[in-house]
Amino acid sequence: MAETVGSRRTRVMIGAVVIVVVAGGLTWWWAGTRRAHSEHSFTGYVVSDNVYMSSPVSGTLTSVSVRRGARVAAGDSLFRVDPTVRAAEADRARAEIAGSSAQLEQQQAMRVRAQADLAAAGAEAQRNEVEMARLAAAQAEKPGSVAQLQVDQARAAYRGARDKRDAARSEVQAATGAITAAQAQVQQARAGLTSAQHQLSDLAPVAPGAGRIDDVMFKPGESVAANVPVVSIVPDGEVKVRFYVPETQVSAYKPGRKVVIGCDGCAAGMTAIVDFVASRPEYTPPVIYSLDARAKLVFLIEAVPSDPLALVPGQPMDVADTAADLPQR
């Protein structure tokens, strides 16, 4: 019986040693794997530069054409603010254009008449001047051949025609000035109409590009202040993967370099192109998904994914040099 108990103890001790050795080996292998993995892959997350669509003027929100999470294409309608006030301003601008245009036509007609009067007065003054010169020459050549009364009448007629010519010239100048002023009024009214029409279009903005609706801040019937975002869009071209690289490896990541990315549920084979590397290091990333990244001097890097539609802002991501370096999921 004593021998049996000793044998059992021996077997238990041998088993314990085997377990310790195996556990130590697994621990060593796991640690080595983590060290190798940490050297070739990084953790990050998806970010986006959202576009916030708003109205430049305040008003009541009459309709919203999109919902959160929906896809939009460039030119798709987003929302509409009550256009009553801006439509009235556009009508007022049209009325001002009509009034200024009528005034402009009137001044142009007055200038045409003034120019005709000027031409007639100029011709009359020229005839009287010629007649006055003829009589004066005849009187000088043969005194008494022309009555002094005729000379005086010719001089008086010339002065009268000259005064009419000068008055007609002043009328032409005044009409020209009035036309310039009327043209300025027309241009001002047209500018007001253009502004009103632009504001009307701003009351019903469209998507500047393809993307996904991230949020809708107001509902129809609510009052919207000027320049307050109503709809937030995640543009397809503004989705990026942000990750942090230790300062010992940052020199290997230049804009244009391709990296492999992966995430829970993501399709295999996704890549990204580095387009930004921070010029200054930092110690603690804003969001930490790995304990290994804590308290290290790291550089922020952003990369443009090959399939931005498959990613969601805030989603954790794995980034590596090759697909073999990504964690197995």
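The model is predicted, so local features need pLDDT of at least 70 and side-chain atom pairs count only at pLDDT 80 or more, while totals for chains, interfaces and linings use all residues. Residues are numbered from 1 along each chain as its sequence is written, and side-chain values use heavy atoms, with hydrogens and water left out. The protein chain comes to 3 helices and 13 strands; these are DSSP runs numbered from the N terminus, with helices being H or I of at least four residues and strands E of at least two.

**Confidence**

- The protein chain averages a pLDDT of 79, and 82% of the residues score at least 70; pLDDT is the predictor's confidence in each residue, from 0 to 100.
- Take care with residues 14-38: pLDDT stays under 50 there, and the model has 5 contacts beyond four places in sequence for this stretch. Contact means heavy atoms within 4.5 Å.

**Overall packing**

- Of the 329 residues of the protein chain, 29% count as buried. Buried means under 20% relative accessible area, exposed means over 50%, and partly exposed lies in between, using a 1.4 Å probe and protein chains only.
- Among contacts between residues at least 6 apart in sequence, 78% join residues at least 24 apart.

**The four-stranded sheet**

- An open sheet is built from 4 strands in the order β2-β8-β6-β4, with antiparallel pairing. Two strands pair if DSSP finds at least two bridges between them.
- At the edges sit β2 (51-54) and β4 (71-72), each pairing on one side only.
- β8 (residues 229-235) pairs with β2 in the antiparallel sense over 4 bridges, and V51 stands opposite I233 in β8.
- β8 is also joined to β6 (residues 211-216) by 5 bridges, again antiparallel; here G211 has P235 of β8 as its bridge partner.
- Because 6 of its 7 residues are buried, β8 is largely enclosed by the rest of the structure.

- N227 lies in the loop between β7 (223-224) and β8.
- N227 has a positive phi of about 65°, although it is not a glycine.
- With a relative accessible area of 55%, N227 is exposed.

- E302 is in strand β12 (residues 298-305) and counts as buried at 11% relative accessibility.
- Leaving aside neighbours within four places in sequence, E302 is in contact with V47, K240, V241, R242, I273, V274, D275 and F276.
- T271 is found in strand β11 (residues 271-277).
- Not counting residues up to four places away in sequence, T271 touches K258, V259, V260, I261, V304, P305 and S306.
- T271 and D307 are 36 residues apart in sequence, with their C-alpha atoms 8.0 Å apart in space.

**The second largest pocket**

- This pocket has a volume of about 220 Å³. On a 1 Å grid over the protein atoms alone, a pocket is an open set of points where a 1.4 Å probe fits, with protein on both sides within 12 Å along at least five of seven lines; lining residues have an atom within 4 Å of a point.
- Of the 14 lining residues, I261, G262, A267, A268 and L326 are the closest to the pocket's centre.
- The lining has 10 nonpolar, 3 polar and 1 charged residues. Ala, Val, Leu, Ile, Met, Phe, Trp, Tyr, Cys and Pro count as nonpolar, Asp, Glu, Lys and Arg as charged, and the others, Gly among them, as polar.

Key. Grid points are joined across faces, edges and corners, and a volume is the space filled by probe spheres set on the points.
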